[in-house]
Amino acid sequence: MPLYFSDDEVEGLQPELVEKLDRARGLAHVPFIITEGLAKGGSHVEDSAHQRGRAVDVRCSGSRDRMRIVSAALIVGFRRIGVYDKHVHLDVDDSLPQDVMWTGKSA
């Protein structure tokens with residue numbers, strides 16, 4: 001059972017992802033509000049880690065919170081991080097390229 005997330009927030013997510021999210025949240029000292037978890041529809045690109053329960057988007061309200069989220073994610077071992085204007089994408093999908101960080105605009 002995660003310390004910082006309710007069962008509803010992490011429903012359908014892979015245990016490895018939930019464990020890393022929980023550890024990162026503890027280190028970051030800022031709330032991790034999941035804006036997108038398991039994608040059940042067509043909101044993401046084909047073959048998305050969201051469709052396999054291996055990725056989340058965490059709301060980010062400013063540069064200080066963004067830095068704390070990304071720093072904590074790196075410390076706990078996330079190897080796929082997307083940095084967007086309104087969220088940070090974190091995933092543990094080892095079927096996709098590793099040790100990558102990208103930027104983009106939130107939809």
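Modeller: We will go through some salt bridges of this predicted model, with the place and exposure of their residues.

Colleague: How many salt bridges are there?

Modeller: A salt bridge needs a side-chain nitrogen of Lys or Arg within 4 Å of a carboxyl oxygen of Asp or Glu. By this rule there are six salt bridges.

Colleague: Which side chain does K20 meet in a salt bridge?

Modeller: K20 meets E16, at 3.9 Å from N to O. Both residues lie in helix 1, which covers residues 15–28, and they are four residues apart, about one turn of the helix.

Colleague: Is K20 buried or exposed?

Modeller: Buried means under 20% relative accessible area. K20 has 14%, so K20 is buried. E16 is partly exposed, at 37%.

Colleague: What does R54 form with E16?

Modeller: R54 forms a salt bridge with E16, and the closest N and O atoms are 3.0 Å apart. This pair links distant parts of the chain: E16 sits in helix 1, while R54 sits in the loop between strand 1 (34–36) and strand 2 (55–59), 38 residues apart. R54 counts as buried, with a relative accessibility of 14%.

Colleague: Which residues are linked in a network of salt bridges?

Modeller: E16, K20 and R54 are linked in this way.

Colleague: Where do E19 and R23 lie?

Modeller: They are in helix 1, four residues apart, with about one helical turn between them. E19 is partly exposed at 38% relative accessible area, and R23 is partly exposed at 39%.

How values were computed
Residues numbered from 1 in each chain as written. Predicted model: local features only at pLDDT ≥ 70, side-chain atom pairs only at ≥ 80, totals over all residues. Heavy atoms only, no water. Helix = DSSP H or I, 4+ residues; strand = E, 2+ residues; numbered from the N terminus. Buried < 20%, exposed > 50% of the residue type's maximum accessible area, 1.4 Å probe, protein only.
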